[in-house]
Amino acid sequence: LHQQSYFRTVWKASKDSLTVPKWLSTDKLSKRQRGAIKEKLLGFNKELNDIAVAHRSYVIPDSQLRQQIRERNHDLIVPDYAEFLQRVDHVAFTKKPKADYIVHDASDVAAILSTFFDGSS
């Protein structure tokens, strides 16, 4: 019960940022739609950074529980993030380099999540 509450509370904003809008499959996006993609990516990056800073300072001494929670975090975030990146890969949503908005690839996110709960901050 506590774990479910933890996952729901911690990852809600990040998961919301990764919701793929139906209009994303269209070829030509409006300025508002391009802005929405940018906001989703910026929001995800900020949330991930904030969560990572906090969770690196937390310690779960039980290695089995720590690994179980890390795996659940991975399963909740990495597939959705990978799908979102795949969907925006072909979309011209910015004139700037996409790297300004897509800071991490899916393997980077997985690596970040694997650092949680060992008190290494």
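Modeller: This is a predicted model. Start with Asp80. Its relative accessible area is 26%. Buried would need under 20%, and exposed would need over 50%, so Asp80 counts as partly exposed. Asp80 sits in helix H3, which covers residues 63-88. Set aside its neighbours within four places in sequence, and Asp80 is in contact with Lys15 and Leu18. With Lys15 there is also a polar contact between the side chains, at 2.3 Å. Lys38 is another matter to check. Asp80 and Lys38 are 42 residues apart along the chain, and their C-alpha atoms are separated by 17 Å.

Now move to Phe93. This residue lies in the loop between H3 and helix H4 (106-113). Phe93 has 0% relative accessibility, so it counts as buried. Phe93 and Lys38 are 55 residues apart in sequence, yet 7.3 Å apart in space, C-alpha to C-alpha. Lys38 is also one of the residues that Phe93 touches, not counting those up to four places away in sequence.

Next comes the core. The largest nonpolar core has 31 residues. Trp11, Ile37, Val109, Leu113 and Phe116 have the most contacts inside it. Helices H1 (2-17), H2 (31-57), H3 and H4 each give two or more residues to this core. H3 gives the largest share, 8 residues. Look at Val109 by itself. Beyond its neighbours within four places in sequence, Val109 is in contact with Phe44, Leu48, Ile77, Val78, Tyr81 and His104.

Does its length fit a helix, or what span should we expect? H2 has 27 residues, and at 1.5 Å a residue they should span 39 Å. The end C-alpha atoms of H2 are 40 Å apart, so the two values agree. Several residues of H2 are buried, including Gln33, Ile37, Lys40, Leu41 and Phe44. Asn45, Leu48, Ile51, Ala52 and His55 in H2 are buried as well.

Two packed helices are described by the angle between their axes and the distance between the axes. The axes of H2 and H4 come within 10 Å and cross at roughly 25 degrees. Angles under 35 degrees count as roughly parallel, so H2 is roughly parallel to H4. On the H2 side of the meeting are Phe44, Leu48, Ala52 and Arg56. On the H4 side are Val109, Ile112 and Leu113.

Conventions
Residues are numbered from 1 along each chain as its sequence is written. This is a predicted model: local features need pLDDT of at least 70, side-chain atom pairs count only at pLDDT 80 or more; totals for chains, interfaces and linings use all residues. Side-chain values use heavy atoms; hydrogens and water are left out. Helices (H or I, at least four residues) and strands (E, at least two) are DSSP runs, numbered from the N terminus. Buried means under 20% relative accessible area, exposed over 50%, partly exposed in between (1.4 Å probe, protein chains only). Contact means heavy atoms within 4.5 Å. A polar contact is a pair of N or O atoms within 3.5 Å; within protein, one must be able to donate a hydrogen and the other to accept it, and residues adjacent in sequence count only if both atoms are side-chain atoms. A nonpolar core is a set of buried Ala, Val, Leu, Ile, Met, Phe, Trp, Tyr and Cys residues joined through side-chain atoms within 4.5 Å. The expected span of a helix is 1.5 Å times one less than its number of residues. Axes are lines fitted to C-alpha atoms, for helices over the stretch in contact, and angles run from 0 to 180 degrees between N-to-C directions. Angles under 35 degrees count as roughly parallel, over 145 as roughly antiparallel, 65 to 115 as roughly perpendicular and the rest as oblique.
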